[in-house]
Amino acid sequence: MHEDFVSVLSSGSSGNSFLAMSRGRGVLIDAGISCRELERRMSLFGTEPSQIDAVILTHEHTDHVRGARRFAEEFGIPIYGSRGTLALTPLQGIETVAITPSRDLTIGHLHLRPFKVRHFAAEPVAFSVTIGSKKASIASDLGCVTPSVIDEMSDSNIMFVEANYDENMLLSGAYPDFLKRTIRGDHGHLSNDDAGILSRKASTRRTRRIVLVHLSKENNTPKRALETVERDVSRSGLNVEIEVSEHGRASGPFALG
Ligand SMILES: [Zn+2]
Ligand SMILES: [Zn+2]
């Protein structure tokens, strides 16, 4: 098993969670599946709850926090989140630590930088995680690609990028109009086209891999997401490997390097 890695424990509306590890210790970024399932999926990557120093939340939506309280309670782990996120997540009796967007924090060997994203939540953030000279960025649940998001993610060795929906599938699909508008809005989710733009603009010669996450089961397919993002990133002339983390499945470990 790699010393420094990020794994996807689950991705999509049925639950989101990432495991970031360095030299035997690490954190969960989001915990949107049950406590038991978090434990089981961590074990796929040789990790036990006793190796986890924090559960860090990006925002309060259920698909990101479902198992957080139980996991924190059972294993005596603090929960980190922005003030807005902590205020809206039921965390009675759990030690919480407030984080501030754009203010770096260090947990074990991991250096984390939360940065602001636009999404229909109280105070949502995305993260870059730096271990030594290697950087991973994790950006899911954001409504639009802003210059500051590109800037924060730029020069990552590996990026996890939301590719939520295919524009045509969403528009011709069964969702009611108000929901389509919300998803497509500046505070909703990223389309495959948006994911392509973000991936291309944030990629540099250091960037080795892009993993597409948070795909909609109804409004996207892994094939469409992959083709759209590959087409855009190939315009940069960079040699970047792109893959999809399928809905509800674990994938990785992705070594930082
Ligand atoms: Zn979500
Ligand atoms: Zn969300």
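Visitor: How far apart do the C-alpha centres of domain 1 and domain 2 lie?

Guide: Welcome! In this predicted model, the C-alpha centres of domain 1 and domain 2 are 23 Å apart. The domain assignment places domain 1 at 1-99 and domain 2 at 142-245.

Visitor: What makes the contact between domain 1 and domain 2?

Guide: Seven residues from domain 1 and nine residues from domain 2 take part in the contact. On the domain 1 side, three residues are nonpolar, four are polar and none is charged.

Visitor: Why is Val244 called buried?

Guide: Let's count. A residue is buried if 20 or more other C-beta atoms lie within 10 Å of its own. Val244 has 22 such atoms within 10 Å, so Val244 is buried. Val244 belongs to strand E13 (residues 241-244). Beyond its neighbours within four places in sequence, Val244 is in contact with Leu212, Leu215, Pro222, Ala225 and Leu226. As for Leu110, 134 residues away along the chain, its C-alpha atom is separated from that of Val244 by 25 Å.

Visitor: Why are strand E6 and strand E14 said to stand at the edges?

Guide: Seven strands form an open sheet, running E6-E5-E4-E3-E2-E1-E14, with mixed pairing. Strand E6 (96-99) and strand E14 (251-255) each have a single partner strand, so each has one side without a neighbour in the sheet. On average, neighbouring strands of the sheet are turned by 20° against each other, direction ignored.

Visitor: How do you know that strand E2 and strand E3 pair?

Guide: Two strands pair if DSSP finds at least two bridges between them. Strand E2 (residues 17-22) and strand E3 (residues 25-29) have five bridges, in the antiparallel sense, so they count as a pair. In this pairing, Leu19 stands opposite Leu28 in E3.

Visitor: Which strands does helix H1 lie across?

Guide: Helix H1 (residues 35-43) lies across E1, E2 and E3, at about 140° to E1. Helix H3 (residues 68-75) lies across E4 and E5, running at about 155° to E4.

How values were computed:
Residues numbered from 1 in each chain as written. Chains lettered and ligands numbered in written order. Predicted model: local features only at pLDDT ≥ 70, side-chain atom pairs only at ≥ 80, totals over all residues. Helix = DSSP H or I, 4+ residues; strand = E, 2+ residues; numbered from the N terminus. Axes fitted to C-alpha atoms, helices over the stretch in contact; angles between N-to-C directions. Contact = placed C-beta atoms within 7 Å. Domains from an automatic or database assignment. Nonpolar A, V, L, I, M, F, W, Y, C, P; charged D, E, K, R; others polar. Buried ≥ 20, exposed ≤ 12 C-beta atoms within 10 Å, placed from the backbone.
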